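Please view the model alongside the text.

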Amino acid sequence: MIRQIELRNFRNYETLSLAVDAECNLFIGNNGQGKTNLLEAIFFTSMLRSFRTARMAELKKIGSRGFYIGTKAVAGTGLARWYEIDYNNNGRRISIDGKVSPRSSDLVRNFRTVAFLPDDIGIVTGNSGLRRRFVDMFLSITDPHYLVSLHHYLSALQMRNAVLKDSRADMGLIAAYEPIMAKAAAYVADCRREYAARLALEIGTLLEGFYNVSSGFSVRYRSDTEGGIEAWHNKLAAERRKDRLRGFTGFGLQLDDFDFILNDKLLRHYGSTGQCRLISLVMKMANVNILAAEAQGNKDKIIVLVDDVTGELDDATRQAFYRVIGQAGQLFFTFTSLPGDDYFRHAAVFQVNNGEITPVSSSNQVNNG
Amino acid sequence: MNGAEYPEALEELIELLKSLPGIGRRSAERLALALLQWPPEKLAVFGDLMRELPVRITFCPECGNLAADGGLCPICRAPSRDRSVICVVEQATQIINIEKSGLYHGLYHVLGGKLAPLEGKNPADLNLETLPRRIDAGPVGELVLALSSDVEGRATAAYIAGMLAGKGLRITRLASGLPAGSDISYADPETLAAAFSGRIVL
């Protein structure tokens with residue numbers, strides 16, 4: 001559980017020192033005050049990535065040279081540790097309890113974060129890159145070897161593509177990247193296939209819980225190579241000549257997709273906005289369920305961030321949503337005004353106003369104007 | 001010259017030192033001022049060594065290792081070395097590391113880097129041309145690829161193996177896994193994964 005958050009030059013926060021001691025935390029404020037930025041900082045601590053951008057330069061306060069995020073978190077043993085990230089032009093420095101750590105996995109394995117965001121619908125309706133990103137982020141926190149393999153594959157792919165730019169490139173040089181790609185791709189594809197099946201199962205169960213009928217929901221993993229290392233090897237060798245004509249690798253993990261199918265209809269083409277929004281929400285709920293099942297009762301590391309997404313939900317769905325995210329060790333919500341829901345009776349409330357956050361002792365002090 | 005500048009000769013020396021790896025302006029200044037403190041005879045020896053460096057230190061025409069005065073390197077010259085094995089390394093400095101292990105008695109071949117197409121480093125930029133010739137000329141039965149285990153090193157190894165396929169050579173690469181004499185608790189997941197996939201029967 002997070003106990004303290006310190007920010008310097010992060011988005012619109014010049015300096016922030018925020019003590020947190022509740023399981024459930026509400027951040028109330030008008031648009032553009034920095035509510036989402038705070039969730040982004042928490043997310044960044046646990047994933048070393050933003051949920052909004054891949055460009056680090058966007059995260060620092062405009063006019064500053066870099067940003068700092070410090071987080072004090074308590075594990076199940078009651079021991080508090082400081083996790084710090086310093087980001088500037090020279091790169092990033094991660095330290096745990098003041099000791100510099102070279103490996104991002106040291107930080108990432110201490111948190112299991114799921115963020116519910118207004119843009120989540122894009123995972124269902126948007127381009128395949130958003131779906132791969134969603135899957136990659138989740139599998140990276142649950143399986144460190146997945147991230148390593150994906151990284152190997154993408155580096156080798158980038159180099160193979162650089163070689164392919166020359167239409168007379170040496171076939172042997174193109175082939176040199178293929179053993180690395182085949183080995184990594186077989187592992188990543190296996191994980192993605194397994195996850196698609198697990199996701200379908202979890203989403204199906206959740207939907208059946210809402211509507212008491214068989215959901216008719218499935219996830220189809222689309223990859224153009226089936227089989228293990230050998231199959232990838234053969235495919236890469238078979239496509240080599242064609243790839244050289246094309247000037248790039250024309251198939252592979254970088255083009256994988258996940259089809260979300262409801263009652264035999266592909267959601268991104270035939271689903272209503274309501275259906276797509278619901279599925280995008282349930283998909284992340286499924287991730288919470290998977291993390292909770294893996295944690296085997298030790299929910300301390302699981303953090304759920306909810307950025308203004310509960311407003312449109314009907315009552316039954318909202319109650320189910322609260323039940324699922326209740327499996328997390330700690331929750332952070334943002335709202336533009338204090339919700340009347342009984343669920344938040346014991347929540348700690350904070351007012352966010354232009355890059356400053358102040359605790360509010362009782363709900364009637366919240367300034368909604 | 002105004003008061004905020006060093007004399008021109010010193011300034012030039014600082015600029016030269018600054019071009020060395022890992023040396024910034026401040027360090028270059030410190031080094032230059034330290035040189036200024038040296039007695040003239042020491043500086044003269046230093047200067048002579050600098051001047052003669054490109055003549056006295058050359059690359060072995062056989063393997064690419066560091067050598068002296070345009071001749072073969074001591075390893076290629078030594079009659080005691082096993083000429084049936086060639087160990088391929090990226091840099092000449094790595095030969096010294098391997099020699100310190102005392103386990104290897106064959107010859108070497110220095111590539112001068114590894115394939116890095118994103119930085120424009122292609123096979124033509126590596127010392128690869130003489131390798132097939134060396135293999136054809138001698139009694140070489142095994143090629144050991146002692147290259148980095150990162151993506152570039154692995155691709156370079158695969159490229160060389162492909163290039164020399166059909167020569168009837170035994171081509172091996174070094175094992176990767178746990179560092180010798182280390183506690184398994186401190187191994188990172190990637191190293192452990194390599195160690196697991198390379199485990200051997202007792």
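How many salt bridges are counted between chain B and chain A? The count is zero, where a salt bridge is a side-chain nitrogen of Lys or Arg within 4 Å of a carboxyl oxygen of Asp or Glu.

This is a predicted model: local features need pLDDT of at least 70, side-chain atom pairs count only at pLDDT 80 or more, and totals for chains, interfaces and linings use all residues. Residues are numbered from 1 along each chain as its sequence is written, chains are lettered from A and ligands numbered from 1 in the order in which they are written, and side-chain values use heavy atoms, with hydrogens and water left out.

**Interface of chain B and chain A**

| Item | Value |
|---|---|
| Buried area (accessible area lost on being put together, 1.4 Å probe, summed over both) | about 1,500 Å² |
| Share of buried area on carbon and sulfur atoms | 73% |

B:Leu118, B:Val151 and B:Arg154 supply 35% of the area that chain B buries against chain A, more than any other three residues.

**Nonpolar core**

The largest nonpolar core has 163 residues. Such a core is a set of buried (under 20% relative accessible area, 1.4 Å probe, protein chains only) Ala, Val, Leu, Ile, Met, Phe, Trp, Tyr and Cys residues joined through side-chain atoms within 4.5 Å. A:Phe116, A:Tyr177, A:Phe333, B:Leu143 and B:Ile160 touch the most other members. Leaving aside neighbours within four places in sequence, A:Phe116 has contacts including A:Leu281, A:Met285 and A:Phe321.

Conventions:
Buried < 20%, exposed > 50% of the residue type's maximum accessible area, 1.4 Å probe, protein only. Contact = heavy atoms within 4.5 Å. Buried area = accessible area lost by both parts, 1.4 Å probe.
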